Amino acid sequence: MRAVIVAAFVAFALTMALTPLAAKLFRRLKAGQPIRSDGPQTHLAKAGTPTMGGVVFIFTTVLAYVAGHLVLMALPENVDGVTFNRPTGFTATGIVLIGLFVTCGFVGFIDDWLKIRRKHSGGISGRAKVFGLTIAATIFGILAVYYTGSIDSPDISETVATPYLSFTRDISEIPLTKIGMVILIVLLVNATANGVNLTDGLDGLATGASMMAFVAFVIIGFWEYRHWCGGAQPADNLCYDVRDPLEIALIAGAAAGAMFGFLWWNTSPAQIFMGDSGSLSLGALIAGLAFASKTILLLPILGALFVITTASVMIQVTSFKLTGRRVFRMSPIQHHFELGENRWSEVTIVVRFWIIAGICTALALGFFFADFLRIAG
């Protein structure tokens, strides 16, 4: 757990320190966020706010992950005669998750860069964005499903992802085949990345909601490590057959710390936006943590706010195409509450949506531990 705490603290401290410096640099480079002309009129005042803040927390998360591994290498192999089975080198799980995080962030960076260069809110096309995410997810999905080795332990026979659906564990009754799992990973990455991207419409909203999701995966990953089939304790029906559970907790802890530090500067009024480089990378990592921890079907509950936001856009588009009428004043749904007679302030919307995200995160953790107690009973 010490490595997870160190990783979270390093990510927090670096993000707190580097984000204002990045904001000043991007402002000098005139890397300001173009604002949609058809969006809420109150958002026009945000024009010129530096964007691409995701570059900062991607960088700090990766550094914090490395720092966590340095701590693991320094810890003793056994305490009071008990040997702890933990990764000291970089693992397949780490390669897949960090690789997915960085490459999807790069797709978002291209989108941000084009917006700044064109001085228009439209970056790369939606199809190009999906194509980029699909390529990244396919590469790392194949590694997750087929690659069994590890840099420090090449004889490991387990893969990061298995060809089964999962809730809190693999559901062996629902096999998908390896190709089917790669396809599911691609769909999951695209859906979650775009869900976070759509949620990132108000200052601090996506940052806070993502932080809650990462904290949940810290808890899930560390609990799976403490009850790991590959750990020091004998395997039984309570253990979790996960490739590198401590690695999951370590990466999630680094990401949570980075989000906590970024939120300081991203909360209303935001001094910097995360941009698509941030939102796409966060969504991809959340999806990656779900398949690595074997909690795929738990993800829609844990990330319910992202599901609600995405659903509001789908409902709006479908209704307008079929009937010519709009269900919401504006979509995504957070903008609906900014308009109308009883409009909510931006801060009110963000806090209330955070409450929704927190309740859903707690509910997901409740399902996770309830399943463990069910098996234990």
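These are my notebook entries on a predicted model, taken up topic by topic.

**Ground rules**

I number residues from 1 along each chain as its sequence is written, and I use heavy atoms for side-chain values, leaving out hydrogens and water. Because the model is predicted, I ask for pLDDT of at least 70 for local features and pLDDT 80 or more for side-chain atom pairs, while totals for chains, interfaces and linings use all residues.

**Entry 1**

I began with a reminder: most residues other than glycine have a negative phi, and most peptide bonds are trans. Then I looked for exceptions.

I found a cis peptide bond between Ser268 and Pro269, with omega about -10°. Pro269 sits in the loop between helix H7 (245-266) and helix H8 (275-292). My helices are DSSP runs of H or I with at least four residues, numbered from the N terminus.

I found another cis peptide bond between Ser331 and Pro332, where omega is about 0°. Pro332 belongs to the loop between helix H10 (304-323) and helix H11 (333-336).

Next I checked phi. Met52 is not a glycine, yet its phi is positive, about 65°. I placed Met52 in the loop between helix H1 (2-28) and helix H2 (54-74). Met52 has a relative accessible area of 7%, so I count it as buried. For me buried means under 20% relative accessible area, exposed means over 50%, and partly exposed is in between, with a 1.4 Å probe and protein chains only.

Lys294 is not a glycine either, and its phi is about 60°. I located Lys294 in the loop between H8 and helix H9 (299-302). Its relative accessible area is 5%, so Lys294 is buried.

I turned to Asp276, which is in helix H8. Its relative accessible area is 6%, so I wrote it down as buried.

What does Asp276 touch, not counting residues up to four places away in sequence? I listed Gly108, Asp111, Asp112, Lys115, Lys129, Asn197 and Ser281. A contact here is a pair of heavy atoms within 4.5 Å.

I then went through the salt bridges, each a side-chain nitrogen of Lys or Arg within 4 Å of a carboxyl oxygen of Asp or Glu. The structure has 8 of them.

Asp276 makes a salt bridge with Lys115, with the closest N and O atoms 3.7 Å apart. Lys115 lies in helix H3 (residues 92-118) and Asp276 in helix H8, so this pair ties together parts 161 residues apart in sequence. I noted that both Asp276 and Lys115 are buried.

Lys129 also meets Asp276 in a salt bridge, at 3.0 Å from N to O. Lys129 is in helix H4 (residues 126-146) and Asp276 is in helix H8, so the pair ties together parts 147 residues apart in sequence. Lys129 is buried, as is Asp276.

Asp244 is buried at 7% relative accessibility, and Arg243 is buried at 3%. Separately, salt bridges with shared partners join Asp111, Lys115, Lys129 and Asp276 into one network.

**Entry 1: the core**

How many residues does the largest nonpolar core have? I read off 102, with Phe57, Phe214 and Phe291 having the most contacts inside it. H7 gives the most to this core, with 14 residues. By nonpolar core I mean buried Ala, Val, Leu, Ile, Met, Phe, Trp, Tyr and Cys residues joined through side-chain atoms within 4.5 Å.

I followed up Phe57. Leaving aside neighbours within four places in sequence, its contacts include Phe101, Met259, Phe262, Met274 and Leu282.

**Entry 2: Val6**

I placed Val6 in helix H1. Its relative accessibility is 29%, so Val6 counts as partly exposed. Val6 and Leu70 are 64 residues apart in sequence, and I found their C-alpha atoms 9.9 Å apart in space.

**Entry 3: helix H12**

I checked the length of helix H12 (residues 346-376). Its 31 residues should span 45 Å at 1.5 Å a residue, and its end C-alpha atoms are 45 Å apart, which agrees. The expected span is 1.5 Å times one less than the number of residues.

I noted the buried residues of H12, among them Ile349, Phe353, Cys360, Phe368 and Phe372. The buried residues of H12 pack against helix H6 (205-226), H9, H10 and H11.

Technical notes
Helix = DSSP H or I, 4+ residues; strand = E, 2+ residues; numbered from the N terminus.
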